[in-house]
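My notes are below the picture.

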Amino acid sequence: MGEIAVGRGNWANASARSKARKANLLNETQMRQLMQQGPDTIAASIADAGYNKELNLYSSRLSGADLIEAALSHNLDRDLNEVMGYCQGRLRRIVSVFALRFSYHNAKTVLRAVNSGISSEDLANMVMPEENDLNTDWLELANQSNTLADAALSMRGTPWGSGISGVDSDAPLQVYEDALDRHYYTDAVSALKSSGYQHRALLIHLRTEIDYRNIINLLRALRQNISTEQRSELMLEGGQKLRDNMLRNAAQAESEEALIEVLRRLPNMDTSGLEEAIQAAGESGGLDPVVSYLESQQRDSLRRLSHRNPLSAFPVIYYLERKVLEVRNIRLLVRGKAAGLSDEVIEAHMNI
């Protein structure tokens, strides 16, 4: 049964506008055509796909892959702002729960830059171009911070700042990033359960995402030979199926086979696709096949929920997810071309 919009909000209008935007995204055929091109040709090809304004903005000082990278980041920020701008009332509050993750991502970017000793100028040139007004505060934060503790202090008063306020000043970067993830998901679950946001289907979707994040974290921890105690500390609370005893059992699994056995015991959990992805990851030496598989599961879920719930937040959120995927695919394609990778290797890392 579909979930019907309740409360003030422009549900039908926002849904229609988001579907129209999604229809204009690059399809599989167009994405494969881009794979046959070089960075300069790719820039010309994506101009007509909605990136022309940003490409023109940066073309005076950048070219090739750098030009496309800057344009993609700026375009995504602009698109997110426009979507949030046409969402109203309760719908806007619900979509904002999803959209806030982009700010947490920016906070991680700044922390990584500070940890690596990257200057604010280099950060602006590589990831956060200063032509984008939305980057001004982030670049200033990076400029004022010499250590991770400095950055955490400068983030006071923000949601992401609250997430890392209790982290030890000498903690490594991974601890800060884990704290940000934990804070985002805790607040998001709490918001979607509150009376002002209630959206049961989206809450289930978010909790399933937490389960998938835990599975990826556990697989990575097992490959790094992290202790059981440390694996338990990595776990995110609030998952849909991996809760309480099952979550503890998963954290205590001493091998990938033992973890799969725990997952098999979860109700309505089909592990066949996951097992194939884990096997592929073992052969490749990385976790990309697992990450890609679980992300595709979430996107398929969003697609179904969007069709089943046309008057809800799902059409808006599904569009944003597809937009993020398009930007990520183009970025991976351009980076791969610039690095001289073969089309086969590049495609293996993309989600087409």
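**Ground rules.** I'm working with a predicted model, so I kept its cut-offs in mind: local features need pLDDT of at least 70, side-chain atom pairs count only at pLDDT 80 or more, and totals for chains, interfaces and linings use all residues. Residues are numbered from 1 along each chain as its sequence is written, and side-chain values use heavy atoms, with hydrogens and water left out.

**Salt bridges.** I looked up the total and got 20 salt bridges, each being a side-chain nitrogen of Lys or Arg within 4 Å of a carboxyl oxygen of Asp or Glu. Side chains of opposite charge can pair when their charged atoms come close.

I checked E82 with R21 and found a salt bridge at 2.9 Å, N to O. This pair links distant parts of the chain, with E82 in helix α4 (residues 64-86) and R21 in helix α1 (residues 11-23), 61 residues apart. Helices here are DSSP runs (H or I, at least four residues), numbered from the N terminus. For exposure I use relative accessible area: buried is under 20%, exposed over 50%, partly exposed in between (1.4 Å probe, protein chains only). E82 is partly exposed at 30%, and R21 is partly exposed at 21%.

Then came E177 with R112, a salt bridge at 2.5 Å, N to O. E177 belongs to helix α11 and R112 to helix α6, so parts 65 residues apart in sequence are tied together. E177 is buried at 9% relative accessibility, while R112 is partly exposed at 35%. I also noted one network, in which salt bridges that share partners join R21, E54, R78, D79 and E82.

**Helix packing.** How do α3 and α4 cross, and at what angle? The axes of helix α3 (residues 39-58) and α4 come within 9 Å and cross at roughly 45°. The axes are lines fitted to C-alpha atoms over the stretch in contact, and angles run from 0 to 180 degrees between N-to-C directions. That angle makes α3 and α4 oblique to each other; angles under 35 degrees count as roughly parallel, over 145 as roughly antiparallel, 65 to 115 as roughly perpendicular and the rest as oblique.

I listed the contacts (heavy atoms within 4.5 Å). Among them, I46, Y51 and L55 are on the α3 side, with L67, A71 and R78 on the α4 side.

I moved on to α4 with helix α18 (residues 314-338), which pack at about 175° with axes 10 Å apart. That makes α4 roughly antiparallel to α18. The residues that meet include L72, L76 and V83 from α4, and Y319, V327 and V334 from α18.

**A loop residue.** Last, I looked up D168, in the loop between α10 (159-164) and α11 (173-193). D168 is exposed, with a relative accessible area of 56%. The C-alpha atoms of D168 and G64 are 41 Å apart, and the two residues are 104 apart along the chain.

Terms used: Helix = DSSP H or I, 4+ residues; strand = E, 2+ residues; numbered from the N terminus.
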